[in-house]
Amino acid sequence: MDYEAVDLTPFVNADDDIEAPGVEVWRGKSVLRGLPFVFAERDGETRLLRVEPGASVKVPVEPQAARVRTVTFAHRTRDSVAASFAPVGRENAVYTFVFSDGATVRVPVREGFEVAVCPAEWGHRPSLAVPDQSDSLPD
């Protein structure tokens, strides 16, 4: 298989308590835009890996994953600021990739680029991200 999902179930620590009208809740093994993802569930409820400001979580990728060339995340942000007023470019998170030779790469997750408050209004989608669903007319 060209793509392999990393199961974050052992790391989940929060209920999915984000009310997002019109946003589909993904559960279990899912394919979004042709890529496989595993959305964690416990006791039939969707669970999230929530990382609070200043905290970090280490998620190891198994050595049998061979050579990782591209890493794709399904994530969203929650914000106390209204979606239309969240400061563009604010660093919401940082992914730090540590390679077997000890080298590291820091990848910021910025508001308006890699992530945005969900659901995003028309024209407010993050410019470096792809939504999980195709555009459609409201029901």
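Q: What do buried, exposed and partly exposed mean here?
A: A residue is buried under 20% relative accessible area, exposed over 50%, and partly exposed in between (1.4 Å probe, protein chains only). Of the 139 residues of the protein, 14% count as buried.

Q: What kind of model is this, and which residues are used?
A: The model is predicted, and local features need pLDDT of at least 70, side-chain atom pairs count only at pLDDT 80 or more, and totals for chains, interfaces and linings use all residues. Residues are numbered from 1 along each chain as its sequence is written, and side-chain values use heavy atoms, with hydrogens and water left out.

Q: Is Ser30 called buried or exposed, and why?
A: Ser30 has a relative accessible area of 11%. The limit for buried is under 20%, so Ser30 is called buried. Ser30 lies in strand β2 (residues 28–32).

Q: What makes a run of residues a helix or a strand, and how many of each are there?
A: Both are DSSP runs, numbered from the N terminus: helices are H or I with at least four residues, and strands are E with at least two. By this rule the protein has 0 helices and 7 strands, and its elements run β-β-β-β-β-β-β from the N terminus on.

Q: Which residues does Ser30 touch, leaving out those up to four places away in sequence?
A: Contact means heavy atoms within 4.5 Å. On that basis Ser30 touches Leu35, Pro36, Phe37 and Phe39.

Q: Why do β1 and β4 count as edges of their sheet?
A: The open sheet has 3 strands in the order β1-β5-β4, with antiparallel pairing. β1 (14–15) and β4 (41–42) each have a single partner strand, so one side of each has no neighbour in the sheet.

Q: Why is the pair of Tyr95 and Phe97 given the name it has?
A: A pair of aromatic rings is described by the distance of the centres and the angle of the planes. Rings of Phe, Tyr and Trp (its six-membered ring) pair if their centres lie within 6.5 Å; planes under 30 degrees apart count as stacked, over 60 as edge-to-face and the rest as tilted. The structure holds 2 aromatic pairs. One of them is Tyr95 and Phe97, at 6.4 Å centre to centre and 35° between the planes, and this pair is tilted. Tyr95 is partly exposed at 24% relative accessible area, and Phe97 is partly exposed at 25%.

Q: What makes the phi of Arg33 worth a remark?
A: Most residues other than glycine have a negative phi. Arg33 is not glycine, and its phi is positive, near 55°. Arg33 is in the loop between β2 and β3 (35–39) and, at 46% relative accessibility, counts as partly exposed.

Q: Is Arg110 buried, exposed or partly exposed, and what does it contact beyond four places in sequence?
A: Arg110 has a relative accessible area of 25% and is partly exposed. This residue is in strand β7. Beyond four places in sequence, its contacts are Gly89, Arg90, Glu91, Asn92, Val115 and Leu128. Arg110 and Val88 are 22 residues apart in sequence, and their C-alpha atoms are 7.4 Å apart.

Methods
Two strands pair if DSSP finds at least two bridges between them.
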